[in-house]
Amino acid sequence: MTAADGPSPMPHRQDPCRTSDVLGIVGDKWSLLVVRNLSQGPRRFTELKRATTGISQRMLTVTLRGLERDGILTRTVHNVMPPHVSYALTPMGMTLREATAPLLEWSLSNLDGIHAAREAYDSRAETAPPTPS
């Protein structure tokens, strides 16, 4: 290739710092819950809202847009009366679900222990003498 051909493409490097992009997806408060709720098949917005306890309509919209942008899910508009939209995992989204399923299972099985540890810590912090400044 000559200089006239234009710049050569940069070789794809496995820069560990780039993983922060992916960790932003899996570390998000809602994304993994949405992925888990889509693992059984396509869902409509209202189904996802009901299944994702505590999420606001706006936050669900933001989360879905981000996951669509990242290639984790697809958004399909169905031209029926009345029109509706459904969301489904892409093949990459399914691999994300498979990769994070153990983390979600660990979370569920340790939730009571984490809650108890937080209560114990908070009660110690309330009764501890103040530290000098």
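Modeller: Let us begin with proline 82, which is placed in the loop between strand S2 (73-78) and strand S3 (84-89). Helices (H or I, at least four residues) and strands (E, at least two) are DSSP runs, numbered from the N terminus. This is a predicted model, in which local features need pLDDT of at least 70 and side-chain atom pairs count only at pLDDT 80 or more, while totals for chains, interfaces and linings use all residues. Residues are numbered from 1 along each chain as its sequence is written, and side-chain values use heavy atoms, with hydrogens and water left out.

Colleague: Which peptide bond involving proline 82 is cis?

Modeller: Most peptide bonds are trans. Here a cis bond joins methionine 81 and proline 82, with omega about -10 degrees.

Colleague: How is a pair of packed helices read?

Modeller: Two packed helices are described by the angle between their axes and the distance between the axes. Axes are lines fitted to C-alpha atoms, for helices over the stretch in contact, and angles run from 0 to 180 degrees between N-to-C directions. Helix H2 (residues 31-38) packs with helix H5 (residues 91-127) at an angle of about 110 degrees, their axes being 10 Å apart. H2 is therefore roughly perpendicular to H5 (a term for 65 to 115 degrees; under 35 is roughly parallel, over 145 roughly antiparallel and the rest oblique).

Colleague: Which residues make the contact of H2 with H5?

Modeller: Contact means heavy atoms within 4.5 Å. H2 contributes Leu32, Val35 and Arg36, and H5 contributes Gly93, Leu96, Arg97, Thr100, Leu103 and Leu104.

Colleague: At what angle do H2 and helix H4 pack?

Modeller: H2 and H4 (residues 57-69) pack at about 75 degrees, with axes 10 Å apart; they are therefore roughly perpendicular to each other. Ser31, Val34 and Val35 of H2 meet Leu60, Thr63, Leu64 and Leu67 of H4.

Colleague: Which element gives the most to the lining of the largest pocket?

Modeller: On a 1 Å grid over the protein atoms alone, a pocket is an open set of points where a 1.4 Å probe fits, with protein on both sides within 12 Å along at least five of seven lines; lining residues have an atom within 4 Å of a point. The largest pocket is lined by 15 residues, and Lys29, Leu33, Leu104, Ser107 and Leu111 lie nearest its centre. H5 gives the most to this lining, with eight residues.
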